[in-house]
Amino acid sequence: MKDKVSPECKSDELNFFDLSPSDKCLVEKTIQGGFSRRDVLKLMMVTGVSLVTAQNLLFTGQQALAAMPKKGGSVRMAANLHGPDDQLDPPRFTSTIDYVRGRAVYNSLVQHNNDLTTRGELAETIEPNADASEWTLKLRKGVVFHDGTPFTADDVIYSMNRHMGDDSTSVVKSVLASIQEWKKVNSHEVKCVLNTSNSDLPTLLGLYQTKIVKNGTTGDGIGTGPFVLDSFEPGVKSVHSRNENYWREGANLDLIEITAITDPVARVNALIAGDVQLINQVAPSAFRQIEEADNVTLLSTPAAVQLGICVLKNAEPGMNDDFVKGLQYIQDRERVVKRILKGKGTVANDTPISIAHGPDFCSELPQREFDPDKAKFHFEKSGYSSAELYVAPVASGIEEVCLLAQANCAKIGFDLQLKKVPTDGYWGAVWMREPINVVTWNMRPTAQSQMAIQFGPGAEWNDTYWNNERMGVLLQAVLSEIDPAKRHEMMCEMQTLIHNGSGMVIPAFTNINDGIAANIMGMPTVPLGALGALEWPEFIWLS
Amino acid sequence: MNEPEKQNVEAGQEVLDKLDKFDELPDAPPKRKLKLSWTGKIATMIVVFWMVIAIIGPFIAPFHEMDMDGDDSFLNAHSNEYGTFYLGTDYLGRDTFSRVIWGARMTIGISLAATFLAYVIGITLGIAAAVKGGWVDMAVSRVNDAILALPSIMLGLIAIAAFGSSIPILVIIAGIIYASSVFRIARALGLDIMVQDFVEAAKVRGEGLWWIIKSEVLPNAAMPLATDFGLRLVFVVLFISSLSFLGLGVQPPQADWGSMVRENLAGLTYNSWAAVWPAFAIASFTIAINLIVDDISAKSGGSLAKKMV
Amino acid sequence: MNEQNLEKLLEVKDLRISAYNDEKQEIQIVKGVTFDIHKGQVVALIGESGSGKTTISLASLSYTKPGLEFTGGQVLLNGEDVLTAAPLRQRQIRGANVAYLAQSAAATFNPAITINEQVTESAVLHGILSQEQANERALELYHALELPNPDRIGYRYPHQVSGGQLQRLMAAMALCGNPDLMVLDEPTTALDVTTQIEVLKAFKKVIREENSAAIYVTHDLAVVAQIADHIVVLYSGEIMEQGSADKIINHPGHAYTRRLMDAVRPKPAAGMGGTVGAEFDRDVPALSVEQMTAGYGGIVNGEPAIPILRDVSVEVNNAHVVGVIGESGCGKSTLARVMAGILPQASGKVKLEDEELQGSLNDRKLEELQKIQFVFQMADTALNPKQTVGQILGRPLEFYRGIKGKEKRAKVAEILQMVELPPEFASRYPMELSGGQKQRVNMARSLAADPEVLLCDEVTSALDSIVGANVIKLLTNLRDKTGASFVFISHDLSTVASFADEIVVLYAGRVVEQGPTDEVLEPPFHPYTRLLISSVPELRIGWLEDTMQKREMAVGIARGVEITAVGCPFYNRCPMGIDATCDKEHPPIRELENGHQITCHRTVEELTEAERETQQILRGYEKLVDESMKVVV
Amino acid sequence: MMLQMTLRRIWVGVATMFVVSVIVFIMTSILPGDVAQIVLGQSATPETLAALRAELGLDMPAYLRYLEWLGDMLTGDLGTSKAGGAAISDLIGGRFGNTMVLAGLVAGISIPISILLGLWAAMHPGSWLDRTVTFGTLATISVPEFFVATLMVLILAVNLQWLPSTALLRDEMTFFELLGGLAMPIITLVIVVSAQMIRMTRAGILNVMNSPYIEMAILKGIPRGRIILRHALFNAIGPIVNVIALNLAYLVSGVVIVETIFSYPGLAKLMIDGVQTRDLPLVQACAMIFCGAYVILILIADIGSIVSNPRLRHPK
């Protein structure tokens with residue numbers, strides 16, 4: 001399968017292997033020499049590398065140094081949310097804490113790399129047919145579940161089928177809708193038949209929810225993963241110890257404890273006080289606190305996590321394009337990134353695609369700037385002088401974005417009222433229902449899936465009800481397009497359509513901001529989710 | 001009779017005259033007016049100050065509560081082209097000073113309104129339960145117990161999730177929740193006032209229930225109930241702020257002291273005072289109120305206790 | 001007796017005590033009082049409320065009520081000025097040297113602590129006695145004070161014993177530590193006459209035995225006459241006159257003292273009853289009760305769970321005053337409450353003129369309510385402290401007669417005149433009035449309804465003698481002016497006798513005797529009536545002694561009242577009870593001339609005879625007693 | 001007497017619990033969204049919702065679900081969490097212990113402190129000490145508890161590193177480790193609850209200080225200490241125990257903020273989570289526990305005031 005990331009377009013994401021030998025050795029030395037990572041970062045900043053890159057560099061560096069990881073030790077991770085609905089049943093995974101537990105206990109068929117390419121995990125190889133409408137997966141042999149039963153094709157078929165069928169309650173049911181059926185070829189080979197051609201299938205098999213459970217079980221915590229489940233109390237914590245007969249080299253840590261601290265301030269304090277070693281969802285207001293502390297690092301991974309305001313196109317006032325324009329022009333994007341996200345983010349152009357998507361990002365599309373006069377003009381043209389925006393703190397920074405917009409609207413005499421509602425019940429009662437609401441989306445591994453899920457005509461979660469036939473055609477076509485140039489053209493056209501036509505107002509992408517103890521090494525940085533998309537349990541070690 | 005006795009009699013005579021005019025000494029000195037101790041006076045000044053701020057605040061505040069004009073968040077006092085930030089900026093670079101001033105209206109407004117509501121509801125039901133008794137008392141008391149037994153934060157959470165968190169809703173919720181404790185007191189008071197002779201006298205006269213409540217019971221229950229007012233008020237302020245802890249409470253960007261403390265907690269680590277000022281405001285206001293109440297309901301027990309050796 | 005050669009225990013020299021109002025103005029409460037107390041002497045401070053007598057007495061413990069201050073003079077106890085003593089020393093003086101007996105024992109005993117602990121605690125804490133000694137001491141005091149089952153009473157709690165007993169226990173509390181001086185503050189005022197005698201007797205006995213000095217604070221000269229050696233007469237913080245009991249009682253110099261003596265009502269006797277002008281006569285009684293039984297708790301076929309009154313029949317003729325007399329707990333208040341409809345009767349009838357009234361006041365018609373007015377016993381609690389006199393008096397006018405605004409104000413003034421209060425009182429609050437004034441307002445409220453029958457429940461018993469006397473005078477005038485009937489309830493026979501036309505004697509919920517005042521107060525008496533009459537203290541030194549003698553022969557009345565279903569309730573206290581009859585059968589009603597009834601097994605002849613004997617023996621004793629008195633002096 | 005009133009109280013308690021369950025049910029049913037919606041969150045689709053609702057039995061009418069719950073409840077079956085599928089008894093079990101431990105420790109420390117300070121203040125009314133206590137308590141009452149808590153964490157855990165910033169418990173903890181681990185929440189809560197109890201103790205005592213029998217005690221030359229402890233306290237105990245009871249009830253059910261800040265797995269937080277996930281059986285279970293605790297505590301308080309009051313103890 002094709003490598004989607006070519007070096008030139010990852011210009012700002014310098015890779016460890018591109019370093020000169022001397023730099024290499026500097027990094028190695030510093031890392032081994034137990035310098036605090038802040039020293040290293042400072043050092044590199046001096047050499048004019050952006051902090052983002054520098055950190056990235058550092059992590060890739062560590063991965064390169066995975067040659068000499070230390071065994072032993074234990075870490076405690078504190079997620080941002082947990083509750084009685086905590087799960088060990090992959091199809092029902094909805095929160096970071098579920099994902100990380102799944103990552104520790106189970107394996108997927110496919111695994112993501114830092115650069116968003118994929119590699120086989122339980123599947124040794126994944127081969128598409130000519131039009132990528134049928135895929136053959138060769139499964140790893142000699143893999144056993146924690147209870148000793150060997151892993152076979154049946155487990156795969158069973159696990160994957162749970163995402164299909166009418167009575168399936170899988171969270172990703174509709175994402176995997178393109179899969180028609182799973183066929184068992186032999187004990188260690190399966191076929192996946194699609195109802196359309198899809199060259200991105202592997203990425204779908206690497207979702208948090210597509211973990212392989214033992215045939216016939218529903219998430220009792222018995223998987224093939226790097227850690228064995230010792231104890232699990234929903235809403236409290238789970239403890240996992242290393243799986244000694246793991247099918248590959250295996251985890252370095254002896255023990256991991258996974259819990260959550262829901263109060264953001266308390267979470268950061270716990271990290272600095274050393275009570276936990278990994279936290280996700282660091283609020284911008286706490287960046288400085290972490291950066292100033294010696295024993296911890298802020299791990300900020302650039303990603304396409306959009307802070308979006310959905311204006312429904314099928315209702316007042318969204319039907320009116322000028323209104324949407326007004327709302328888009330009043331976004332002070334630079335300020336959002338600089339002030340609200342404290343620089344840990346990137347300006348967005350009212351499209352869901354960011355530079356993190358690599359070549360599919362349309363850099364040609366002119367950036368929409370903060371322009372109160374244009375906004376005023378459009379608002380007046382639209383005939384609206386006030387509107388009500390439903391806000392829930394679904395992503396850190398979103399509320400502040402709205403506050404800033406409100407303040408700026410006020411300055412041009414437009415009354416943007418904020419209606420704050422609780423997060424619980426938001427997705428059911430507000431999102432896609434109230435005429436103006438906020439949204440955030442985890443980054444999808446490909447630009448196509450990112451746009452398909454949100455802007456595909458008639459798509460399940462087309463959250464601005466903007467249905468554009470051309471969009472649908474392109475989304476389908478791009479999947480079978482091989483030529484990079486043409487493909488990029490299509491991508492650009494789609495982003496332009498969204499940029500001009502849709503009801504989405506996306507002022508910025510926020511980085512994924514996590515805090516980790518300084519002595520944690522080998523931290524993966526897959527930008528698909530918090531803490532390297534939770535790939536860490538198997539790979540990190542303590543220096 | 002001899003001289004001294006005569007004088008005696010004369011002396012006695014004027015006493016007699018006095019007596020014929022029913023010159024009996026009152027059992028108690030004439031009704032005492034409200035006298036405030038020095039703490040009480042200071043407290044009153046503080047409360048008045050905040051009241052004034054609450055009214056004129058928005059007009060004197062250098063910034064609007066939603067302006068993010070500070071150079072950066074969690075800065076200490078500085079000034080820039082927009083103006084001077086006397087107390088520094090909050091987590092969004094808004095002027096803490098202005099927001100404290102704006103917050104006065106919100107906080108004091110909501111808490112007073114809610115507390116009054118609580119008293120209206122609590123007293124009405126409490127007295128009703130005490131006077132009517134029987135199943136009315138039973139029913140109201142049980143519901144009351146239920147509200148007391150359930151954590152107030154949860155009740156608030158549910159109500160807000162259900163009805164949204166507009167200011168009227170907040171007032172109503174807080175009012176209902178804290179009515180339950182007022183109810184307890186009002187009912188107890190009602191019970192022992194109802195057995196007083198003067199109430200019985202009214203009954204013998206054939207007075208209606210409503211008249212008895214309004215002119216016999218309520219006037220006598222007023223003072224004891226007032227003594228509890230201060231604490232209630234504090235609890236309401238804290239309740240609103242604890243809602244803001246769960247991400248509810250008043251609507252942004254409106255400033256209320258409790259939420260301001262909450263929002264800016266992170267700043268404490270950069271020794272930013274953005275969270276301290278509103279906390280101080282809450283404390284000063286509520287303490288002042290309580291000092292006044294303590295003064296009004298000064299326990300004469302104190303005076304007797306002072307005679308202990 | 002001559003006091004000079006006795007050494008002085010307490011010297012009060014030019015004592016001055018003041019209060020300060022909000023404007024920091026000084027209000028003198030005690031204006032330079034000087035008197036001495038000698039060892040073994042009982043000094044009475046006599047005066048009305050507001051005379052400062054209690055304040056002065058407390059000065060001997062170097063204590064003032066909160067709000068008062070010593071502003072001058074000295075109080076020397078054994079030569080030591082207690083006012084200037086160090087706080088700790090003052091604490092020692094209190095309880096150890098000077099002990100205090102408060103007016104209302106019920107309030108001054110701590111409800112949460114056993115009696116014995118409270119009695120002994122002071123003595124033990126001051127290190128005068130060990131706990132064991134204290135207990136013994138307490139025990140002998142209980143015996144000395146003739147308390148019922150003295151061995152066990154110490155383990156009980158205050159609410160478990162009667163008022164009279166508490167009063168005596170308080171004496172024990174004071175005496176336990178052998179104080180040099182006792183301060184008795186109105187210790188018998190709140191008690192029934194019969195009980196009062198017991199308590200007085202006990203006090204006098206122990207004081208004599210312990211040979212301890214005492215300050216006796218009261219407003220009742222008759223009581224003072226029995227117990228005091230030396231009397232100090234006070235009015236509004238000043239001494240009017242002082243001298244030996246004999247001098248003050250028998251040769252009062254000061255007019256105010258005479259005034260006090262006039263207020264002491266003569267011993268109830270025939271010929272005191274009022275007479276009613278014929279113009280008010282009507283053929284039907286204004287209010288009548290027939291065969292009425294009442295009480296508390298559930299009613300089962302006319303029998304309440306806790307019966308208070310049993311088939312009582314009373315007639316209140318128009319413009320007549322019916323006095324209802326009896327000890328506390330005999331049901332006299334209940335009678336009034338039934339009449340008023342506050343407590344519905346269990347069986348029997350209540351009639352206004354001749355139509356029958358509903359039991360509960362909720363079912364009575366407004367004009368019925370208006371015609372029967374109830375005057376509550378305690379003016380303090382019966383008046384809403386949050387309403388002005390004007391409001392209080394205005395309400396019935398408006399409520400019953402729809403009088404409003406200007407007219408109302410005028411009428412209120414008029415009514416105030418009627419009860420002899422200045423009109424400007426309309427703007428005052430009850431707490432700004434004296435006890436007597438409150439009581440007048442209390443009555444005025446009922447008058448405002450312009451009723452036919454007034455039910456007065458113990459309206460004078462909480463008042464000083466003079467004030468009380470004035471109130472009675474007022475009532476008489478009102479009766480003559482308005483022609484309303486009165487039901488006058490009191491435990492004080494002499495008060496009732498002084499203006500009732502008819503008297504009803506209640507005992508344990510039954511009428512034992514009733515009839516015209518003159519008849520009832522004249523032999524033959526029902527044994528209980530006899531007891532009541534002889535219990536009324538006389539303004540005569542030595543009266544207590546000979547009554548004591550009478551007691552001895554007339555069987556102690558200390559025995560508790562029992563409400564019995566069968567037989568005569570008075571049986572267990574009756575000097576002439578007939579075994580196997582009085583306790584078994586209900587006594588018959590013996591009809592005498594003009595409506596006089598006695599309910600007793602004894603025949604009228606027997607009763608008359610008994611009375612004659614009593615008188616003889618009594619005369620004998622009076623001689624003896626005179627002897628004994630001479631010996632004492 | 002005592003028995004009667006105890007029985008009556010229990011009866012009333014049961015009634016209260018029933019009322020609570022109804023109220024909770026009604027309230028939770030007016031909330032927007034149901035378990036299914038919450039669980040599936042952003043990625044819900046009509047089909048998956050329908051499927052999940054069917055699976056959780058949310059498709060039957062509300063009152064039936066309530067009756068079902070009531071039935072199970074009465075048979076001692078708390079049911080299973082709609083959101084997580086775990087047995088509610090398991091969810092609650094450990095947390096109930098935690099809550100009790102915390103409440104117990106806090107009560108053990110704060111009650112003696114409060115009563116002592118309250119008495120001391122009452123013993124010297126108007127003294128500087130009295131004023132400090134009154135003022136201090138007011139100050140602590142009137143500052144939000146999350147402010148107190150966070151300040152504590154910053155000082156004691158982050159800067160001084162003396163205490164752990166969170167109360168993350170391990171199963172194999174000794175009592176003293178536990179004490180250390182819980183130090184922060186304990187300190188915070190002690191500060192929060194003591195204030196009110198101190199005020200009430202003081203007020204309660206001073207209230208009794210009006211009575212004639214106190215004046216009598218003074219006139220008997222009883223020392224200050226004994227007057228307060230023997231004469232006043234015994235008569236003031238009723239209201240005091242009442243306030244203590246209410247505060248304990250608060251410690252059981254109302255400490256969600258402290259539990260959140262120190263991520264201490266207790267019941268209060270669980271109930272809030274339950275509400276936020278619309279997990280009716282779970283919420284009901286918690287509600288029942290809280291109400292039970294409340295009823296029991298009030299009962300104890302009443303018995304306490306009876307025992308302290310001879311009039312009720314030995315009726316005539």
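Predicted model: local features only at pLDDT ≥ 70, side-chain atom pairs only at ≥ 80, totals over all residues.
Let's start with chain B. Its secondary structure comes to 11 helices and two strands, and along the sequence these run in the pattern α-α-β-β-α-α-α-α-α-α-α-α-α. Of the 309 residues in chain B, 54% are buried. If you take the contacts in chain B with a separation of 6 or more, 70% of them join residues 24 or more positions apart.

Now zoom in on one helix pair in that chain. Two packed helices are described by the angle between their axes and the distance between the axes. Here the pair is helix 4 (residues 134-149) and helix 6 (residues 167-194) of chain B, whose axes come within 9 Å and cross at roughly 120 degrees. Angles of 65 to 115 degrees would count as roughly perpendicular and those over 145 as roughly antiparallel, so helix 4 and helix 6 of chain B are oblique to each other. Their crossing is left-handed. Helix 4 of chain B brings B:Asn144, B:Ile147 and B:Leu148 to the contact, while helix 6 of chain B brings B:Ile177, B:Ser180 and B:Phe183. By class, that makes four nonpolar residues, two polar ones and no charged ones.

Over in chain C, have a look at helix 18, residues 465-482. With 18 residues at 1.5 Å a residue, helix 18 of chain C should span 26 Å, and its end C-alpha atoms are 25 Å apart, so the two values agree. Its buried residues are C:Ser465, C:Ile466, C:Val467, C:Gly468, C:Asn470, C:Val471, C:Ile472, C:Leu475 and C:Arg479. And what do the buried residues of helix 18 of chain C pack against? The partners in chain C are helix 11 (255-263), strand 13 (321-325), helix 17 (435-448), strand 18 (485-490) and helix 19 (493-499). Just after helix 18 of chain C comes C:Gly483, with a positive phi of about 70 degrees.

Finally, let's turn to where chains A and D meet. Chain A puts 39 residues into this contact and chain D puts in 45. On the chain A side, strand 10 (255-260), helix 7 (264-273) and helix 13 (426-429) each supply at least two residues. Helix 7 of chain A gives the most, with six residues. Sorted by class, the side of chain A that touches chain D has 15 nonpolar, 13 polar and 11 charged residues.

Key: Residues numbered from 1 in each chain as written. Chains lettered and ligands numbered in written order. Contact = placed C-beta atoms within 7 Å. Helix = DSSP H or I, 4+ residues; strand = E, 2+ residues; numbered from the N terminus. Nonpolar A, V, L, I, M, F, W, Y, C, P; charged D, E, K, R; others polar. Axes fitted to C-alpha atoms, helices over the stretch in contact; angles between N-to-C directions. Parallel < 35°, antiparallel > 145°, perpendicular 65-115°, else oblique. Left-handed = near helix turned anticlockwise from the far one by under 90°. Buried ≥ 20, exposed ≤ 12 C-beta atoms within 10 Å, placed from the backbone. Expected span 1.5 Å × (residues − 1).
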